[in-house]
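Subject: Structure for your review

Hello,

Please read them next to the coordinates.

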Amino acid sequence: SIVPPTADAGGTSSTAASMVIGVDREGKIYLEGKEISRTDLNKTLADKAKLTPEVEVLIIADERSLTGTAVGVLDSVVKVGLRPRLLTRPNK
């Protein structure tokens, strides 16, 4: 179960995310709910960028996870030219 962090300001998007990547509190990466290695994720992202470069990728990182993995995923998405979006919860 991934619990996104809270934020006062959240971005909105006019397009639905075509890919969802999760990072759990242990730093494991999930693509569409299935665990994936960083190497396989990079290949999948590159393939997706070639086919549909306008894809938006939703990144959901657990609020208790180390930022290194989440930032690495964000970097991978940007490097292939896809558009990342981070999911947060509203601050109460």
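T44 is partly exposed, with a relative accessible area of 30%; here buried means under 20% relative accessible area, exposed means over 50%, and partly exposed is in between, with a 1.4 Å probe and protein chains only. T44 is found in helix 1. Helices (H or I, at least four residues) and strands (E, at least two) are DSSP runs, numbered from the N terminus. Leaving aside neighbours within four places in sequence, T44 is in contact with M19, L31 and I36, where contact means heavy atoms within 4.5 Å. T44 and I21 are 23 residues apart in sequence, and their C-alpha atoms are 11 Å apart in space.

Before the rest, the conventions. This is a predicted model, in which local features need pLDDT of at least 70 and side-chain atom pairs count only at pLDDT 80 or more, while totals for chains, interfaces and linings use all residues. Residues are numbered from 1 along each chain as its sequence is written, and side-chain values use heavy atoms, with hydrogens and water left out.

V57 lies in strand 5 and is buried, with a relative accessible area of 0%. Not counting residues up to four places away in sequence, V57 touches M19, I21, L45, V77, L82, R83, P84 and R85. One of these, I21, is 36 residues from V57 in sequence and 7.2 Å from V57 in space, C-alpha to C-alpha.

How many residues of strand 5 are buried? The count is 6 of the 6, so strand 5 is largely enclosed by the rest of the structure. In a regular strand the side chains alternate between the two faces of the sheet. Here E56, L58 and I60 point one way from strand 5, V57, I59 and A61 point the other way, and all are buried.

Strand 2 and strand 5 run parallel and are joined by 5 bridges; two strands pair if DSSP finds at least two bridges between them. G22 stands opposite I60 in strand 5. Strand 5 also pairs with strand 6 in the parallel sense, over 4 bridges, and the bridge partner of V57 in strand 6 is P84. The chain crosses from strand 5 through helix 2 to strand 6, and this β-α-β crossover is right-handed, meaning that with the strands pointing away from the viewer, the path from the first strand over the helix to the second runs clockwise.

Helix 2

Helix 2 (residues 67-79) has 13 residues and reaches 18 Å from its first C-alpha to its last, close to the 18 Å expected at 1.5 Å a residue. That expected span is 1.5 Å times one less than the number of residues.

Which residues of helix 2 are buried? They are A70, G72, V73, S76 and V77. These residues cover an arc of only 160 degrees around the axis, so they are on the same side of helix 2; the arc is that of the directions from the helix axis to the C-beta atoms. On the other side of helix 2, T67, G68, V71 and K79 are exposed. What covers the buried residues of helix 2 includes strand 2 (19-23), strand 3 (29-31), helix 1, strand 5 and strand 6. Helix 2 is followed by G81, whose phi is positive, near 90 degrees.

Salt bridges

Side chains of opposite charge can pair when their charged atoms come close. A search of the whole structure finds 4 salt bridges, a salt bridge being a side-chain nitrogen of Lys or Arg within 4 Å of a carboxyl oxygen of Asp or Glu. Among them are these:

- E56 with R85: the closest N and O atoms are 2.8 Å apart. The pair links distant parts of the chain, with E56 in strand 5 (residues 56-61) and R85 in strand 6 (residues 83-86), 29 residues apart. E56 is buried at a relative accessible area of 8%, whereas R85 is partly exposed at 23%.
- D47 with K43: the closest N and O atoms are 2.9 Å apart. Both residues lie in helix 1 (residues 38-51), 4 residues apart, about one turn of the helix. D47 counts as partly exposed at 33% relative accessibility.
- D62 with R64: the side chains meet at 3.0 Å, N to O. D62 is buried, with a relative accessible area of 2%, and R64 counts as partly exposed at 43% relative accessibility.

Regards
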